[in-house]
Amino acid sequence: MTVAARRDVFQAISDPTRRQIISLLSQQPMNLNTIAENFDISRPAISQQIKILEECGLVIITQQGRERYCEARLDKLSEVSNWVDQYKVFWTNQFKSLDNFLQDLQTKKKKSGRKK
């Protein structure tokens with residue numbers, strides 16, 4: 001897989017470990033060792049996940065002395081939110097149509113019951 005193919009925020013959040021890392025970093029910046037302490041996988045494996053998140057623009061890494069600190073850039077997640085919102089509008093309209101249909105049906109049923 002090329003680096004360009006990884007630069008998709010949807011791929012970044014498709015992995016549960018990366019989602020957990022984003023969640024941790026949303027609270028505060030952390031160095032790689034602190035992040036790795038929260039998982040049962042190796043530090044190199046965490047570094048690989050961080051690298052993908054960095055390539056996707058969700059994490060920036062800054063060097064402070066001997067430590068590398070990771071910081072979340074959550075504004076990139078707006079791409080996900082915008083994608084979900086279009087379907088939320090679609091389904092909201094579908095449920096409104098269903099609700100109107102059921103209310104019309106109930107009204108017709110009441111009217112036909114009164115005629116007897």
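Gly65 takes a positive phi near 70 degrees in the hairpin of strands E2 and E3. That hairpin has 2 residues between its strands. The model is predicted.

- Strand E2 covers residues 59-64, and strand E3 covers residues 67-72.
- The two strands pair in the antiparallel sense, over 6 bridges.
- Val59 has Ala72 in E3 as its bridge partner.
- Ile60 stands opposite Glu71 in E3.
- In a regular strand, side chains alternate between the two faces of the sheet.
- E1 also pairs with E3 in the antiparallel sense, here over 2 bridges.
- Met30 has Cys70 in E3 as its bridge partner.
- Together the 3 strands form an open sheet in the order E1-E3-E2, with antiparallel pairing.
- Strand E1 (30-31) and E2 stand at the edges, each with a single partner strand, so one side of each is left without a neighbour in the sheet.

**Overall build**

- From the N terminus on, the elements run α-α-α-β-α-α-β-β-α.
- Along the principal axes, the C-alpha atoms fill a box of roughly 85 × 30 × 20 Å.
- Buried residues make up 22% of the 116 residues.
- Take the contacts with a separation of 6 or more: 53% of them join residues 24 or more positions apart.

**Surface and charge**

- The accessible surface comes to about 8500 Å².
- Carbon and sulfur atoms account for 51% of that surface.
- There are 19 positive and 13 negative side chains.
- The centres of these two charge sets lie 14 Å apart.

**Ile50, in a helix**

- Ile50 is found in helix H5, which spans residues 43-55.
- Ile50 has a relative accessible area of 1%, so this residue counts as buried.
- Beyond its neighbours within four places in sequence, Ile50 is in contact with Ile21, Leu25, Leu32, Ile35, Val59, Ile61 and Cys70.
- Ile50 and Ala12 are 38 residues apart in sequence, and their C-alpha atoms are 9.7 Å apart in space.

**Ala72, in strand E3**

- Ala72 lies in strand E3.
- At 14% relative accessibility, which is under the 20% cut-off, Ala72 counts as buried.
- Leaving out residues up to four places away in sequence, Ala72 touches Leu25, Ser26 and Leu58.
- Leu25 is also among the contacts of Ile50.
- Ala72 and Ser26 are 46 residues apart in sequence, with 5.7 Å between their C-alpha atoms.

**Val9, in helix H2**

- Val9 is found in helix H2, which spans residues 9-12.
- Relative accessibility is 0% for Val9, so this residue counts as buried.
- Not counting residues up to four places away in sequence, Val9 touches Leu58, Lys76, Leu77, Glu79 and Val80.
- Leu58 also touches Ala72.
- Val9 and Gln103 are 94 residues apart along the chain, and their C-alpha atoms are separated by 42 Å.

Definitions and conventions
Residues numbered from 1 in each chain as written. Predicted model: local features only at pLDDT ≥ 70, side-chain atom pairs only at ≥ 80, totals over all residues. Heavy atoms only, no water. Helix = DSSP H or I, 4+ residues; strand = E, 2+ residues; numbered from the N terminus. Buried < 20%, exposed > 50% of the residue type's maximum accessible area, 1.4 Å probe, protein only. Contact = heavy atoms within 4.5 Å. Areas by Shrake-Rupley, 256 points an atom, 1.4 Å probe, with all protein chains shown as cover. Lys, Arg positive; Asp, Glu negative; His and termini not counted. Charge placed at Lys NZ, Arg CZ, Asp CG, Glu CD. Pairing = 2+ DSSP bridges.
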